[in-house]
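Q: Please take a close look at the side-chain pairs in this model. Where do they sit, and what surrounds them?

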Amino acid sequence: MEFGNIGNYYIIEPFVRELHRVFPQAKISTTFQMSDRFCQDEQVEVLPIGYYYDFGIDNLPIAEREYNIAKKYAQTGELKETTPYIDAVMRSDLVIDFSGDIWGDNADFLGKNRLLIGLLKDRVAQLMGKPNVMLAGSPGPFSNLNNLEFAREVYKNFTLVTNRESLSIGLMKSYGFDVSNTQSFACPAFLFEPSDDNVATAIATELGIVGNKQKTVGFILCGWNFLEAPFDKKNRRVDEFTIFAEAVEFITEKLGASVFLMSHSNGFPIPPLEFKLIHGRDYETAQQLYNVLKHRGIAKNVHLIDRVCNAWETKAVIGKFDMIVSGRVHGAVAGLSQSVPTVVIDYGHEPKAHKLKGFCIEAGVEDFLADPAKQNDLNEKIERAFSNLEEYRKMLDKQIPLVKAKARKNFDILSKIKYKQ
């Protein structure tokens, strides 16, 4: 997990550390696939991914069988058969669903029946009598009505739900969910710490960010920001990049700043190939935008960051910019959490992600969320932020400590509920 989408790692590291903070004696087991380094440093046990969802097989019959076993257990108190997942649940004092924004329509982008299987796994834990919480999520939307009633049942039986923004609770109400056990806080990613300043300065100097005579602006784009789906579309047409190319040209030619196109995702060769960190999907998008800009020939001071940076380095580099424009919500979090004035690019196509607006509200920067489908909105938000960099930064200096305190509340409240069981 730490070598793919960088935003995911921004969440998981503080998430685990906060669990250790509130449950210092607890053993943490997860079906997230983490490195040996992570398991040792963060004191985590990794279970086989197949306990929850194996991408190589049809998981639904297994999850349905576990659900039927759990229903009989709830009725009789007898466990006549079991599975590795049920064994892991029975060994646990608390079962945490950490689906983030894939507890809804986004789940099935990951694999067949991914949402339904996740619901069944949650319900199994609930029927086995274990406290079951969904922590730091952004659930919804739900366009698949076939799963909606079961999702309502599962949601109602969570011991606790905490969301990482305040919009999800209204969305869940609109779908008829019982939100009486739901509370809204902030994303643990705001707590993620970057590489130390010496490393950050060295990398930023190498990239030409530190020492640049102009103001510097980081620019992150992903497939969700385009007006045309799908998010992982390859070889997009040149005209699909126009709005973003014009934004970069506006920054370089009208505002007189240097723009650094950068990726906020990594990847690695599929085993048994030797492991190494390589560029992820965002780099291809940044590279295409860079080529479009070169062909247009308007932007003079635009750079493409070729260096593959890990999560800590990426956040450290973002902290060195004068401003960041990000289509990745956690790229934005990396900027906001370091008081870097940030413009957030919303998703351009369905399913839209309410989390972007929700995160902006928590950080007090809703006015800097740009709609790529709205004429001139991106450039207007960029100009407003750039024209008020110092004022924007001072506002973040005051707001971000409050956001970080809210992020910790996800875990403070969890510890209280756990001790009541």
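**Charged pairs, rings and core**

A: Glu 66 and Lys 121 are both buried, a term that stands for under 20% relative accessible area, with exposed meaning over 50% and partly exposed the range in between (1.4 Å probe, protein chains only). The model is a predicted one, in which local features need pLDDT of at least 70 and side-chain atom pairs count only at pLDDT 80 or more, while totals for chains, interfaces and linings use all residues. Residues are numbered from 1 along each chain as its sequence is written, and side-chain values use heavy atoms, with hydrogens and water left out.

Between the side chains of Glu 66 and Lys 121 there is a salt bridge of 2.7 Å, N to O. It connects distant parts of the chain, since Glu 66 belongs to helix H3 (residues 60-76) and Lys 121 to helix H5 (residues 114-127), 55 residues apart. Helices (H or I, at least four residues) and strands (E, at least two) are DSSP runs, numbered from the N terminus. A salt bridge requires a side-chain nitrogen of Lys or Arg within 4 Å of a carboxyl oxygen of Asp or Glu, and the structure holds 28 of them.

Another salt bridge brings together the side chains of Asp 101 and Lys 355, at 2.6 Å from N to O. Asp 101 lies in the loop between E3 and H5 and Lys 355 in helix H13 (residues 354-363), so parts that are 254 residues apart in sequence are tied together. Asp 101 has a relative accessible area of 17% and is therefore buried; Lys 355, at 9%, is buried as well. Elsewhere, salt bridges with shared partners join Glu 228, Lys 233, Arg 236, Arg 237, Asp 239 and Glu 240 into one network.

Asp 412 and Arg 21 form a further salt bridge, with their closest N and O atoms 2.8 Å apart. Because Asp 412 is part of helix H15 and Arg 21 part of helix H1 (residues 6-22), this pair ties together parts that are 391 residues apart in sequence. Asp 412 has 28% relative accessibility and so counts as partly exposed, and Arg 21 is partly exposed with a relative accessible area of 39%.

Turning to the rings, the structure holds 30 aromatic pairs. Rings of Phe, Tyr and Trp (its six-membered ring) pair if their centres lie within 6.5 Å; planes under 30 degrees apart count as stacked, over 60 as edge-to-face and the rest as tilted. Phe 32 and Phe 98 make an edge-to-face pair, 5.6 Å centre to centre and with 90° between the planes. Phe 32 is in the loop between strand E1 (28-30) and helix H2 (36-42), and Phe 98 in the loop between E3 and H5, so the pair ties together parts that are 66 residues apart in sequence. Phe 32 is partly exposed, with a relative accessible area of 28%, whereas Phe 98 is buried, with 15%.

Phe 368 and Tyr 392 have ring centres 4.5 Å apart and planes at 25°, so they count as stacked. Here Phe 368 comes from the loop between H13 and strand E14 (369-370) and Tyr 392 from helix H15, 24 residues apart. Both are buried, Phe 368 with a relative accessible area of 12% and Tyr 392 with 4%. Ring pairs also link Trp 103, Phe 142, Tyr 155, Phe 158, Tyr 175 and Phe 177 into a cluster.

The nonpolar cores complete the setting. A nonpolar core is a set of buried Ala, Val, Leu, Ile, Met, Phe, Trp, Tyr and Cys residues joined through side-chain atoms within 4.5 Å. The largest has 102 residues, and those with the most contacts inside it are Phe 219, Leu 261, Leu 289, Val 325 and Ile 382. Helix H15 (residues 389-420) gives the largest share of this core, 10 residues. A second, separate core of 35 residues includes Tyr 52, Val 89, Trp 103 and Met 128.

Finally, Trp 224 is located in the loop between strand E7 (216-220) and helix H9 (242-254) and is buried, with a relative accessible area of 10%. Contact means heavy atoms within 4.5 Å; residues up to four places away in sequence not counted, Trp 224 touches Asn 106, Phe 109, Phe 231, Tyr 347, Gly 348, His 349, Glu 350 and Pro 351. Although Trp 224 and Pro 351 are 127 residues apart along the chain, their C-alpha atoms are separated by 9.1 Å.
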